[in-house]
Amino acid sequence: MAYKRARDDDKSLPVKPETTMYVRPVDVSELESELVVESFTDSQVVEKCGGLCAKCHELVDVGSSGADGAAFVWKVPLEKSHSATLANRLLVHKRCEGGTS
């Protein structure tokens, strides 16, 4: 915002100035928690969910590539949960994937 205000006052400044990005190394001790990763398959997710969509609770056609087909979402987003585990993975319809529960 400060640059925009300065440019509004002085039109000789470029619209898109060249800037360098400052990248700060991340210290491991700064991380809230480590990512927990568990090995599992899509069929294990389907079995865990009983073949039902976690959002609309209707049967998911895992063989379909259409709207009734399977999509997999994180119950709690990885950036919040730090947990890439079977317990955090859900089965949903492709049509339900972007909607809210």
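Along the sequence, the elements of the protein come in the order α-β-α-β-α-β-β, that is, three helices and four strands. The model is a predicted one. Some totals for the protein are set out below.

| Quantity | Value |
|---|---|
| Buried share of the 101 residues | 23% |
| Accessible surface | about 7,900 Å² |
| Part of the accessible surface on carbon and sulfur atoms | 55% |

Of the contacts between residues at least 6 apart in sequence, 57% link residues at least 24 apart.

The largest nonpolar core holds 13 residues, and those touching the most other members are Val45, Cys53, Val60, Ala70, Phe72, Leu91 and Val92. Two or more core residues come from each of α2 (42-49), β2 (70-74) and β4. The biggest contribution is that of β2, with four residues.

Leu91 is one of the core residues named above. Leaving aside residues up to four places away in sequence, Leu91 touches Val45, Val46, Cys49, Gly51, Leu52, Cys53, Ala54, Val60, Ala70, Ala71 and Phe72.

Asn88 sits in the loop between β3 (83-84) and β4 (89-93). Is Asn88 buried or exposed? Asn88 counts as buried because its relative accessibility is 6%, and the cut-off for buried is under 20%. With residues up to four places away in sequence left out, Asn88 touches Val73, Trp74, Lys75, Val76, Leu78, Ser81 and Ser83. With Ser81 there is also a polar contact, made between the two side chains at 3.2 Å.

How values were computed
Residues are numbered from 1 along each chain as its sequence is written. This is a predicted model: local features need pLDDT of at least 70, side-chain atom pairs count only at pLDDT 80 or more; totals for chains, interfaces and linings use all residues. Side-chain values use heavy atoms; hydrogens and water are left out. Buried means under 20% relative accessible area, exposed over 50%, partly exposed in between (1.4 Å probe, protein chains only). A polar contact is a pair of N or O atoms within 3.5 Å; within protein, one must be able to donate a hydrogen and the other to accept it, and residues adjacent in sequence count only if both atoms are side-chain atoms. Contact means heavy atoms within 4.5 Å. A nonpolar core is a set of buried Ala, Val, Leu, Ile, Met, Phe, Trp, Tyr and Cys residues joined through side-chain atoms within 4.5 Å. Accessible areas come from the Shrake-Rupley method with a 1.4 Å probe; for residues, only the protein chains shown count as cover.
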